[in-house]
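Reader: Could you take me through this model, beginning with the overall picture and then moving to particular residues?

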Amino acid sequence: MHLAVTTRGAAVRGTVLLAHGFGQTRHAWKETSAALAAAGYRTLAYDARGHGDSSRNPADVAYDGQQFTDDLIVLAGELPSPPVLVAASMGGLFGLLAESRWPGLFAAMVLVDITPRWDTRGVERILRFMTAHPQGFDSLQHAADAISAYLPHRPRKSADGLGALLHEDADGRWQWHWDPRLVDELARDSERHQDTLAQAARQVGCPVLLVSGGRSTLVTPQTVAEFLQLVPHATHVELSDATHMVAGDDNNAFTATVLNYLDALPTALARATSAVTEHVTGAHP
């Protein structure tokens, strides 16, 4: 598992563990990590298995949610004290499962545009985009064109900015930085797990913030209302102009929302500061 730790000076306010969404990498948290570090937090972002620089499953081992949940439990459990989990989409779902299996694993949770139930049409749109170029791209310019067409409200990505999303294969084609097997083995038909996820949410006792995008195609007012019934102690903030890619759409507003929430959690975070050390050893493969 590939990890990135960010600190600035003495990290005295605890550790924030950042879990990315499906098809993303740890680089999705670059700006948020820097802002949290500047505010006094140690941040730990990681590439989930099959993503970024983390290892892929062997050909004879299919991907399943249990593996991702186990990875998160091991990673958080090896830290000196419970971190705050900030988790987008896929990462948030595994966060719910991890906390329900190991109560107290997290000092608090921030779920980014994900609830135990979601609009499956939004997932289908995402997967159509992710699988639209099975042979990869002939250039980074080609990839930038595709991303701009999919996210027309976003500034166009530069070639440098695409380095965290794609890699060049032996044939000179640019491929997404995730294992294509993940789509069929993990993402398709994922709605069959929604009842299990709802049950997991009911068992979460730590402080929870849900940050949703007002223009999200996955999270709806109905799924938010159900989530707040499942987790009645949770807080909800909607960023009205954001889509499902909340942190990428308006990172400043998102990070400010997270920092404001963390500022209101002195009791929960006090437990996470007393045993923090300068080094994080990471998780077992």
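This is a predicted model: local features need pLDDT of at least 70, side-chain atom pairs count only at pLDDT 80 or more; totals for chains, interfaces and linings use all residues.

Reader: How many helices and strands does the protein have?

Author: The protein has 11 helices and nine strands. Helices (H or I, at least four residues) and strands (E, at least two) are DSSP runs, numbered from the N terminus.

Reader: What percentage of the residues count as buried?

Author: Of the 285 residues, 53% are buried. Buried means under 20% relative accessible area, exposed means over 50%, and partly exposed lies in between (1.4 Å probe, protein chains only).

Reader: And what is the accessible surface?

Author: The accessible surface is about 12,700 Å², and 52% of that belongs to carbon and sulfur atoms. Such areas come from the Shrake-Rupley method with a 1.4 Å probe; for residues, only the protein chains shown count as cover.

Reader: What share of the contacts join residues at least 24 apart?

Author: Taking contacts between residues at least 6 apart in sequence, 77% join residues at least 24 apart. Contact means heavy atoms within 4.5 Å.

Reader: Turning to helix packing, at what angle do H4 and H5 pack?

Author: H4 and H5 pack at about 165°, and their axes are 11 Å apart. Axes are lines fitted to C-alpha atoms, for helices over the stretch in contact, and angles run from 0 to 180 degrees between N-to-C directions. H4 and H5 are therefore roughly antiparallel. Angles under 35 degrees count as roughly parallel, over 145 as roughly antiparallel, 65 to 115 as roughly perpendicular and the rest as oblique.

Reader: Which residues meet there, and is the crossing left-handed or right-handed?

Author: Arg125, Ile126 and Phe129 in H4 meet Ala146, Ile147 and Tyr150 in H5. The crossing of H4 and H5 is right-handed. A crossing is left-handed if the near helix is turned anticlockwise from the far one by less than a right angle, and right-handed if clockwise.

Reader: How do the axes of H3 and H7 cross?

Author: The axes of H3 and H7 cross at roughly 55° and come within 8 Å. That makes H3 oblique to H7. The crossing of H3 and H7 is left-handed. On the H3 side, Leu93, Leu96, Leu97 and Ser100 meet Thr196, Leu197, Ala200 and Ala201 in H7.

Reader: A change of topic: how many aromatic pairs are there?

Author: A search of the whole structure finds seven aromatic pairs. One of them is phenylalanine 137 with tryptophan 176, an edge-to-face pair at 5.5 Å centre to centre with 90° between the planes. Rings of Phe, Tyr and Trp (its six-membered ring) pair if their centres lie within 6.5 Å; planes under 30 degrees apart count as stacked, over 60 as edge-to-face and the rest as tilted.

Reader: Where in the chain are phenylalanine 137 and tryptophan 176?

Author: Phenylalanine 137 is in the loop between helix H4 (120-130) and helix H5 (140-150), while tryptophan 176 is in strand E7 (residues 174-176), 39 residues apart. Phenylalanine 137 is buried at 0% relative accessibility, and tryptophan 176 is buried at 13%. Ring pairs also link Phe129, Phe137, Tyr150 and Trp176 into a cluster.

Reader: What is the phi of serine 89, and where does serine 89 lie?

Author: Serine 89 has a positive phi of about 50°, although it is not a glycine. Serine 89 lies in the loop between strand E4 (84-88) and helix H3 (90-101), and it is buried at 12% relative accessible area.

Reader: And aspartate 189, what is its phi?

Author: Phi of aspartate 189 is near 60°, a positive value in a residue other than glycine. Aspartate 189 is in the loop between helix H6 (181-187) and helix H7 (194-202).

Reader: Lastly, which residues does aspartate 179 touch?

Author: Not counting residues up to four places away in sequence, aspartate 179 touches Gly50, Arg56 and Tyr63. Aspartate 179 lies in the loop between E7 and H6 and is buried at 8% relative accessibility.

Technical notes
Residues are numbered from 1 along each chain as its sequence is written. Side-chain values use heavy atoms; hydrogens and water are left out.
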